[in-house]
Every structure is written in structure tokens, then in C-alpha cells.
Amino acid sequence: MPELPEVETVCRSLRPHLLGRRILRVEVRQPRLRAPVAPDLPARLEGRTITAIHRRAKYILIDLDGDAVWLFHLGMSGKLICAGKGKERRKHDHIVAALDDGGELRYHDPRRFGLSVAVSRAELKTLPLLSRLGPDPMERRFNGAALYAATRASARRIRDLLLDQQVVAGLGNIYANEILFRVGIRPTARARRLTRRQAAAIAAMTPKLLRDAIRWCGTSFSDYRDADDQRGEFQNHLRVYDRHGESCRVCPNTIKRVVIGNRSAFYCPSCQK
DNA sequence: CCTTGAACCTGCGGGC
DNA sequence: TGCCCGCAGGTTCAAG
């Protein structure tokens, strides 16, 4: 479900509910996520107060007093929902935290591809999950030169390179495809065939498109929702993703779907070369 | 080292 | 109505 714009939207919607709140109790109802939830997770969180919420790529980091950080990755179907205590538990509510204002924070994830970890600040710095990530797309160190360097000697297709979180951290299949449409490059193009100019165009378009998607609160393609259960609106601005068989928005051609790297890629055969 | 494909899960929509 | 198939916003690991 969630790529960088959706994760950023979730962070923003969490803050009004969570900042300054104390965590009273954490219940792990299903520990079997992508990585098993550690048995000591509740003990590391209970009694602590939430001081800040940030995002790194597709990870959500909740800072607590007393040197603790609560980290989430939403996988494909994960949601963080803030709810009043009266609301009944739903199937797949795997982690439920009770807050000092009577509210709750729930981690809900039918497919269980997400994960949740509680660590100290020192442990956070050494977490392989985060230390393996490349630059966020909004950082200055992600630029045309860096992307061009990553494309050299790469036999991979450019769509797959953009999904590699070590190259740039935060893109997923929707935005990788949308970026490539907007710069006129086919997702199937071999990375090493790109020119310096094309790499620069992709690197410039990436933060631009992501900011635009954040402005629309992300893409609610099927089930993505923020912490208030609100939909995003960027699905109304997609030009190629999941539009195969439909007509291109800028030319008379039909959008095509191909499978590369085991995942669908979408493009317009005449707008993208 | 690099690249590809399968695996991890559940749910939904389409075709029959 | 029900069953089977393919597909899904992500990541990791094994095999070649």
C-alpha cells in the first residue's frame, strides 16, 4: 500500500493524536509480522511519552522520552489508526496501544508484511533496516549525478532500479511508474542505456511528483487510509499506474501493462521511449 | 559481485 | 451462489 507520500501523510495525521500522549499499555495480539514482534516491545514503550514523529523513507519513527524509538514499516497492507477507546477491535488489529487521553493507536495489517520494533536511540543507528537505505528523494544527495552513477554498469531495467531502496529510498511501484511516464522513459529501458540528461530528468521529477502526491494526501488506490481513516486523492492524478487498456491522458494511444521483475509496469508506448 | 524469481500473507474482483 | 485464478501499494533470500 504505502509509498513515501502515504507514509508522510500517515505521520502528519498521527501527530495531532499522539504528540505529548503517554502510552499506558501495549497489547500485541499477533506477533507474527514480517519480522516477529519482540516479546519486550510493550515493556520498552509502556509509561513513556511521545515526543516526536518522523519518517525515513517508508519507515515511521515515533520518538519517546527515556531514550526509546518505536518504528513501523507498513508493508503492503499496514495501517496505523487512531481511534477512541470505545471502538471495537477489528480482525488484523495486531498491536493496540492505549493512551492517557482514552484514545488508542492500532496497527492493522491483513497481509502482515509490515513490521514494528522498539529500540533505543543507539540501537536505531545500528539497525540494518535503516542503515542499508539510500538517500531520501527529497535530500540533496539524491541528484542527477548520483542517479546517473547508479545506472552505470547496471543491466537492470530503470523501473527496478528506482524500486531499489539502496539507490533511492521511498519509491514504490506506483510512483516509479508515474515518474517514468512524466519524463518519457519506458519502465523497461535498461538503466545503463540512459543518458546523463535522462538521469537528471528522473532525479528532478522524483521529488516534484512526490511533493505533489503528498499535497493530495497520497494515493488511495484500493485500501490506503491515514490515521483518521481518510482517503488520499492522488489516484485521480495517476497517468499510467493501473490504467492499462485505458487511453493515455496526453495522446490517443492505449496504456500498456508488462510484467518486469515479477511486478506490473505501466507505460504509454508513444509518450515513452 | 549481480540479477532474477519465489516466498511471505490475506482479500478482492472477474470469469465460469 | 460458489469456486478458482490472478492480482495487489514491499522486502528478503536463494539460486543461477
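The structure is a predicted model, in which local features need pLDDT of at least 70 and side-chain atom pairs count only at pLDDT 80 or more, whereas totals for chains, interfaces and linings use all residues. Residues are numbered from 1 along each chain as its sequence is written, chains are lettered from A and ligands numbered from 1 in the order in which they are written, and side-chain values use heavy atoms, with hydrogens and water left out.

Helix 8 spans residues 196–215. Helices (H or I, at least four residues) and strands (E, at least two) are DSSP runs, numbered from the N terminus. Helix 7, residues 173–182, packs against helix 8 at an angle of about 120°, and the two axes are 9 Å apart. Axes are lines fitted to C-alpha atoms, for helices over the stretch in contact, and angles run from 0 to 180 degrees between N-to-C directions. Helix 7 and helix 8 are therefore oblique to each other; angles under 35 degrees count as roughly parallel, over 145 as roughly antiparallel, 65 to 115 as roughly perpendicular and the rest as oblique. Helix 7 passes helix 8 in a right-handed crossing. A crossing is right-handed if the near helix is turned clockwise from the far one by less than a right angle, and left-handed if anticlockwise. On the side of helix 7, the contact is made by Tyr-175, Glu-178, Ile-179, Leu-180 and Arg-182, and on the side of helix 8 by Ile-202, Met-205, Thr-206, Leu-209, Leu-210 and Ala-213. Contact means heavy atoms within 4.5 Å. By class, the residues in the contact of helix 7 with helix 8 comprise 8 nonpolar, 1 polar and 2 charged. In this division, Ala, Val, Leu, Ile, Met, Phe, Trp, Tyr, Cys and Pro count as nonpolar, Asp, Glu, Lys and Arg as charged, and the others, Gly among them, as polar.

Helix 5, residues 144–151, also packs against helix 8 at about 120°, with the axes 8 Å apart. That angle makes helix 5 oblique to helix 8, and their crossing is right-handed. Helix 5 contributes Gly-144, Leu-147 and Tyr-148 to the contact, while helix 8 contributes Arg-196, Ala-199, Ala-200, Ile-202 and Ala-203. The contact of helix 5 with helix 8 contains 6 nonpolar residues, 1 polar and 1 charged.

The axes of helix 1, residues 4–18, and helix 8 come within 9 Å and cross at roughly 40°. That makes helix 1 oblique to helix 8, and helix 1 passes helix 8 in a right-handed crossing. Leu-4, Pro-5, Glu-8, Thr-9 and Arg-12 of helix 1 meet Leu-210, Ala-213 and Ile-214 of helix 8 in this contact. The residues of the contact of helix 1 with helix 8 are 5 nonpolar, 1 polar and 2 charged.

Tyr-175 lies in helix 7 and, at 0% relative accessibility, counts as buried. Buried means under 20% relative accessible area, exposed over 50%, and partly exposed in between (1.4 Å probe, protein chains only). Not counting residues up to four places away in sequence, Tyr-175 touches Glu-3, Pro-5, Glu-6, Leu-209, Leu-210, Ala-213, Gly-218, Thr-219 and Phe-234. The C-alpha atoms of Tyr-175 and Cys-251 are separated by 21 Å, the two residues being 76 residues apart along the chain.

Val-37, in the loop between strand 1 (23–28) and helix 2 (41–45), is buried, with a relative accessible area of 6%. Apart from neighbours within four places in sequence, Val-37 is in contact with Val-28, Pro-31, Ile-95 and Ser-116. Asp-67 lies in the loop between strand 3 (59–64) and strand 4 (68–73); phi of Asp-67 is near 60°, a positive value in a residue other than glycine, and Asp-67 is partly exposed at 41% relative accessible area. Arg-112, in the loop between strand 7 (103–108) and strand 8 (115–119), likewise has a positive phi near 60° and is partly exposed at 32%.

The structure holds 0 disulfides, a disulfide being a pair of cysteine sulfur atoms within 2.5 Å. For Cys-11, the nearest cysteine sulfur, that of Cys-82, is 11 Å away; Cys-11 is buried at 0% relative accessibility. For Cys-248, the nearest cysteine sulfur belongs to Cys-271 and is 3.7 Å away, and Cys-248 is buried, with a relative accessible area of 6%.
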